[in-house]
Amino acid sequence: MDLDVFVAAHRAEWDRLDALLRRQRRLTGAEVDELVALYQRTATHLSQIQSSAPDPELSGRLSQLLARARSAVTGTRRASWRDVTAFLTRGFPAAVYRSRRWWVPTALLSTLVAALLGWWIGTHPEVQSTIAAPSDLRRLTEPGGEYESYYSSHSAAAFAAQVWTNNAQAAAMCLVLGVFLGLPVLWILFQNMLNVGVGLGLMSSAGRLDTFLGLLLPHGLLELTAVFVAAGTGLRLGWTVIDPGPRTRRAALAEEGRAAIGMAIGLALVLFVSGVIEAFVTPSGLPTWARITIGVAAELLFLAYVYVLGGRAARAGDTGDLDAAERSAAVPTAA
């Protein structure tokens, strides 16, 4: 493409669009139709320039022009409770459902890794000695020891806030850092499974595995599921960098990235629920079976939420991305 010739051929259209946008008076029906047509044409021009003859200055100018035109065409839109409801009933569960082929295997493999680490640590005293001195291990695993007192060491409200903040940060890091080919996500995931494996191994070697599971499962089922969803989505984002499919890499990353940001918000809400359970249920005086039942119920409700509401929304075409009207204009690209 000869950029100078292209600009000379279409400058009049861009200037006309700019003139219509600067009109102080109300546009006539014919002028509105003309504005929409010029907006669509300019969007096509911008796409052609970016794909055939990239020019940062011209692309910036046309992008600003299109942003103004889009506001004029679509009007200013404010978020409402209807948007919140749509996000919670369609967008978020659909995004989690669409990522299930990534986070379900991630969950299974991670659980296997944690179990193997726990078995290895629990059956090898020499490994335990590298973790801490025998006296320190006794303080960790004895009745009323640090593993048990951890959940009641602070007030329930403060503990819930601390747990939620830490877990939400870990989930957000998995989602954001996935763009680096997923490598940081694998490290974060391994650190989480190592922590679980160490606790599993030490408490089992002390003959207190039932106590450990009674403390972990009430909140851990939902908490770890949220971490697995974040990690699986981060890995999917990393794979998008490698293989964007029929989309351009830029378009693919934009689409998956927007969905990932929405998932970060949704997972923060899920982790808030698990944090409340960890602060108020895990250290409570309820029988172990009752505490575990609450954790299992929360996990089953989340899975039903994802597979029923999310599956229905995904089959209806919802991806967790912005609505088509809210995304930047683009034209199809050849395969």
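## Helix packing

Helix axes are lines fitted to C-alpha atoms over the stretch in contact, and angles run from 0 to 180 degrees between N-to-C directions. In this predicted model, helix α5 (residues 100-123) packs against helix α10 (residues 183-205) at an angle of about 40 degrees, and their axes lie 7 Å apart. Helices are DSSP runs (H or I, at least four residues) numbered from the N terminus.

The two helices, α5 and α10, are therefore oblique to each other; angles under 35 degrees count as roughly parallel, over 145 as roughly antiparallel, 65 to 115 as roughly perpendicular and the rest as oblique. The crossing of α5 past α10 is right-handed, a term that applies if the near helix is turned clockwise from the far one by less than a right angle.

## Basis of the model

Residues are numbered from 1 along each chain as its sequence is written, and side-chain values use heavy atoms, with hydrogens and water left out. Because the model is predicted, local features need pLDDT of at least 70 and side-chain atom pairs count only at pLDDT 80 or more, while totals for chains, interfaces and linings use all residues.

## Salt bridges

The structure holds nine salt bridges (a side-chain nitrogen of Lys or Arg within 4 Å of a carboxyl oxygen of Asp or Glu). One of them joins the side chains of Arg61 and Asp15 at 3.3 Å, N to O. This pair links distant parts of the chain, with Arg61 in helix α3 (residues 56-74) and Asp15 in helix α1 (residues 3-22), 46 residues apart. Arg61 is partly exposed at a relative accessible area of 35%, and Asp15 is partly exposed at 37% (buried means under 20%, exposed over 50%, partly exposed in between, with a 1.4 Å probe and protein chains only).

Arg68 and Asp18 form another salt bridge, their closest N and O atoms being 2.8 Å apart. Arg68 lies in α3 and Asp18 in α1, so this pair ties together parts that are 50 residues apart in sequence. Within helix α7 (residues 134-141), Arg139 and Asp136 lie three residues apart, about one turn of the helix. Salt bridges that share partners join Asp18, Arg22 and Arg68 into one network.

## A nonpolar surface patch

Trp164, Phe272, Val273, Val276 and Phe280 form a nonpolar patch on the surface, with about 440 Å² of accessible area together. Patches are made of residues with over 30% relative accessible area and no salt bridge; like charges are joined within 9 Å, and nonpolar side chains (Val, Leu, Ile, Met, Phe, Trp, Tyr) within 5 Å. Accessible areas come from the Shrake-Rupley method with a 1.4 Å probe, and for residues only the protein chains shown count as cover.

Helix α12 (residues 249-280) contributes the largest share of the patch, four residues. Val273 lies in α12 and is partly exposed, with a relative accessible area of 39%.
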